[in-house]
Amino acid sequence: MDLDVFVSAHRAEWDRLEALLRRRRRLSGAEADELVTLYQRVATHLSLIQSSAPDPQLTGRLSQLVARARSTVTGTRRASWRDVTRFIAHGFPAAVYRARHWWVPTALLSTVVAALLGWWIGTHPEVQASIAAPSELRELTRPGGQYETYYSSHPAASFAAQVWTNNAWAAALCLILGVFLGLPVIWILFQNMLNLGVGLGLMSSAGRLDTFLGLVLPHGLLELTAVFVAAGTGLRLGWTLIDPGPRTRRSALAEEGRAAIGMAIGLALVLFVSGAIEGFVTPSGLPTWARLAIGVVAEMTFLLYVYVVGGRAARAGETGDVEAAERSATVPTAA
């Protein structure tokens with residue numbers, strides 16, 4: 001394509017669209033129709049230039065024109081409570097359900113890794129000695145020691161807020177960093193399992209594994225599930241770079257990325273619940289069985305929400321992506 005000839009042939013249309021956009025609030029009916037027509041033409045012109053004769057300066061000008069025209073033609077849509085309801089009732093659980101083939105194996109493998117690390121640390125005194133001095137280990141694991149007082153060392157509300165912030169940030173990192181082929185996600189997940197394995201190993205070596213599990217499981221079931229969902233989704237996002245399937249790599253990343261962002265918001269809500277349990281239930285005076293029951297109920301409620309509500313929404317075609325009207329417009333591309 002001869003770019004100079006193309007510019008000469010269509011410059012008047014671009015200038016006319018720019019003039020209409022400057023006075024978009026005072027357009028007549030005919031001028032509004034003309035603006036829509038010119039928007040469609042210029043979008044096609046931009047596509048042709050990008051695919052056949054890319055020119056940075058011209059592409060920048062036409063991209064700006066198309067974006068302004070699209071905003072004028074489609075208007076600005078405000079989020080409503082309907083969007084929140086749709087997200088909670090359909091989008092988020094469907095996204096988690098669709099990612100189950102990634103996060104369920106991630107959860108199982110991670111649990112095995114944590115258990116093996118706990119066994120290794122608990123049965124090898126030399127490994128324990130490399131973690132801390134014997135006096136420090138006794139202070140950690142003794143009745144009333146640091147492992148027990150950790151959950152009641154701060155006021156419940158501030159402790160729950162701190163836990164929620166840290167966990168939500170870890171989940172967000174798993175989702176965001178998944179685009180780097182999932183490698184940072186594996187590291188973050190291993191660090192979490194290593195911390196859990198150290199606690200398991202040290203407390204089991206002190207004969208207090210039941211106490212440790214009674215403290216960790218009430219909030220840990222839901223908390224770890226949220227982390228596993230985030231990690232599995234991050235790994236799936238990384239795999240999309242390698243194998244986008246029948247979609248183009250760009251469209252696949254866009255779709256999965258938007259769903260991952262939505263999932264980050266949903267998981268923040270889930271982690272808020274687990275943080276509240278960790279802040280108010282774990283250090284409470286409730287008997288161990290009652291605290292465990294609360295944790296199990298919270299975990300089962302989430303799984304039922306994902307597999308029943310999310311499964312139904314996914315089978316109805318919900319993907320967790322934003323609605324079609326909220327996605328970027330696509331224009332024809334030249335072969």
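Contact means heavy atoms within 4.5 Å. The model is predicted, so local features need pLDDT of at least 70, side-chain atom pairs count only at pLDDT 80 or more, and totals for chains, interfaces and linings use all residues. Residues are numbered from 1 along each chain as its sequence is written, and side-chain values use heavy atoms, without hydrogens or water.

**View 1. Phe92 and its contacts.** Beyond four places in sequence, Phe92 touches Phe87, Gly262, Met263, Gly266, Leu267, Val270, Phe302 and Tyr305.

**View 2. The largest nonpolar core.** A nonpolar core is a set of buried (under 20% relative accessible area, 1.4 Å probe, protein chains only) Ala, Val, Leu, Ile, Met, Phe, Trp, Tyr and Cys residues joined through side-chain atoms within 4.5 Å. The largest one has 37 residues. Phe92, Val96, Met263, Leu267 and Phe302 have the most contacts inside it. Helix α11 gives the largest share, eight residues. Another core, of 18 residues, lies apart; among them are Leu17, Leu20, Tyr39 and Val42.

View 3. Glu223 sits in helix α11 (residues 209-242), a DSSP run of H or I, at least four residues, numbered from the N terminus. Glu223 is buried without a salt bridge, meaning a side-chain nitrogen of Lys or Arg within 4 Å of a carboxyl oxygen of Asp or Glu. Arg291, the nearest side chain of opposite charge, is 13 Å away. Leaving aside neighbours within four places in sequence, Glu223 contacts Val163, Asn167, Leu271, Ser274 and Glu278.

**View 4. Residues 329-335.** Here pLDDT, the predictor's confidence in each residue from 0 to 100, stays under 50. The model has eleven contacts for this stretch beyond four places in sequence.

Conventions
Helices (H or I, at least four residues) and strands (E, at least two) are DSSP runs, numbered from the N terminus. Buried means under 20% relative accessible area, exposed over 50%, partly exposed in between (1.4 Å probe, protein chains only). Lys and Arg count as positive and Asp and Glu as negative; His and the chain ends are not counted.
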